[in-house]
Amino acid sequence: MDEVTRGQGGGTQTQHDRHGQWPKAESVEDFRRNLAAVNGRIAAACQRAGRDPASVRLLPVSKTVEEARIRLAYAAGCRYLGENKLQEVSRKWESMADLTDLKWSVIGHLQTNKAKLVARYAAEFQALDSLRVAEALDRRLQAEGRELDVFVQVNTSGEASKYGLHPDETAAFLRGMPAFSALRVRGLMTLALFSAEAARVRQCFVLLRTLRDRLRQEAPQGIGLDELSMGMSGDYEIAIEEGATVVRVGQAIFGARNTPDSYYWPADPGSGPAA
Ligand SMILES: *Cc1c(COP(=O)(O)O)cnc(C)c1O
């Protein structure tokens, strides 16, 4: 298989040039329309890659979105939402506790002093990149009598500003995971380079997939590496062509965010949307 592309997707472009232009969803109808559009693009990307659309999970990302609009998304069928910041999502956990079948995935960097909240309320944690956090989470989960699905975050863009393990550190990190019996490792997660240059973005996804394929052969028992969480509004189609099983999509569903992305991950001056 070609290292750079597979399937027919080599020409797929990023949608980073739509940055700031995603229409804001303000009714259940709007959400249905945006979800249908994203699901249609997911299906088309799967077709190009010869994949079953059922092998890709769409995780809507609701960060910065206020409760009233999240309830509209819920009414439109969303039952699983991604959030980046603990401070924000813990408020939402409280105010939307009545939506008992709504599950939350924490997809952003976690500090150990917030591990208790994740252990109690999250259905999934996608940004595991330190043993200290693994230890804190495991301890809190044991106390709650819970287990948690986790993804190990890998830095595939080489940007110092991004969270995640260096690809070369990942094997050793995984070898330490069986010690944390409340953490169920499901796979790897990454954020690609934020660039309009599709080939460079694709390279990040290829790196995560080939790393996963390699690690799968040597992973300790019980460490699952079936999942690849990669791709967001601007690049999820490329991610699917390269094997994503989870795509984390915010703005294409909820509408453009005002908060700059640097609030979530510091900007790399060389790779903005204009690059
Ligand atoms: C915000 C965020 C996303 C989604 O980004 P959009 O541009 O809104 O699609 C994906 N992953 C992580 C880790 C995020 O923080």
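This is a predicted model: local features need pLDDT of at least 70, side-chain atom pairs count only at pLDDT 80 or more; totals for chains, interfaces and linings use all residues.
Okay, let's start in the middle of the protein: the largest nonpolar core has 75 residues, and F125 and L128 touch the most other members. By nonpolar core I mean a set of buried Ala, Val, Leu, Ile, Met, Phe, Trp, Tyr and Cys residues joined through side-chain atoms within 4.5 Å. Buried, here and throughout, is under 20% relative accessible area, exposed is over 50%, and partly exposed is in between, using a 1.4 Å probe and protein chains only. Helix α7 gives this core its largest share, seven residues. There's also a second, separate core of seven residues, with L59, Y80, I107 and M189 among them. In soluble globular proteins, nonpolar side chains do tend to be buried together.

Residues are numbered from 1 along each chain as its sequence is written, and side-chain values use heavy atoms, leaving out hydrogens and water.

Back to L128. Not counting residues up to four places away in sequence, L128 touches V133, A134, V150, F151, V152, Q153, F173, M177 and L183. Contact here means heavy atoms within 4.5 Å.

Now the overall picture. The chain has nine helices and eight strands; these are DSSP runs numbered from the N terminus, H or I of at least four residues for helices and E of at least two for strands. For 275 residues, a compact globule would have a radius of gyration near 19 Å, and the chain agrees, at 18 Å. That radius is taken over C-alpha atoms, and the globule rule is 2.2 Å times the number of residues to the power 0.38. The C-alpha trace spans about 45 × 45 × 35 Å along its principal axes. Of the 275 residues, 52% count as buried. Looking at contacts with a separation of 6 or more, 68% are between residues 24 or more positions apart.

On to the annotations. UniProt, in an unreviewed entry, has "domain: Alanine racemase N-terminal" over residues 35–257. UniProt positions are in the numbering used here, feature names are shortened, and annotations may be inferred rather than shown by experiment. In the model, that span is 41% helix and 17% strand, with its end C-alpha atoms 17 Å apart.

The unreviewed entry also puts "modified residue: N6-(pyridoxal phosphate)lysine" at K63. So where does K63 sit, and is it buried or exposed? K63 is in the loop between β1 (57–60) and α2 (67–75), and it's buried, at 4% relative accessible area. T64 is in the loop between β1 and α2 too, and T64 has a phi near 70°, a positive value in a residue other than glycine. Most residues other than glycine have a negative phi. T64 counts as partly exposed, at 33% relative accessibility.

Next, R202 in helix α7, residues 198–216. R202 is buried, with a relative accessible area of 2%. What do we find at its side chain?

Last stop, helix α3, residues 86–95, where the buried residues are L86, E88, V89, S90, K92 and W93. They pack against α2, β2 (80–83), β3 (103–106) and α4 (115–121). From the β3 side, look at V106, which is buried at 1% relative accessible area. Leaving aside neighbours within four places in sequence, V106 contacts E83, L86, W93, V118, A122, E124, F125, Q126 and A127. And F125 brings us back to the largest nonpolar core, where we began.
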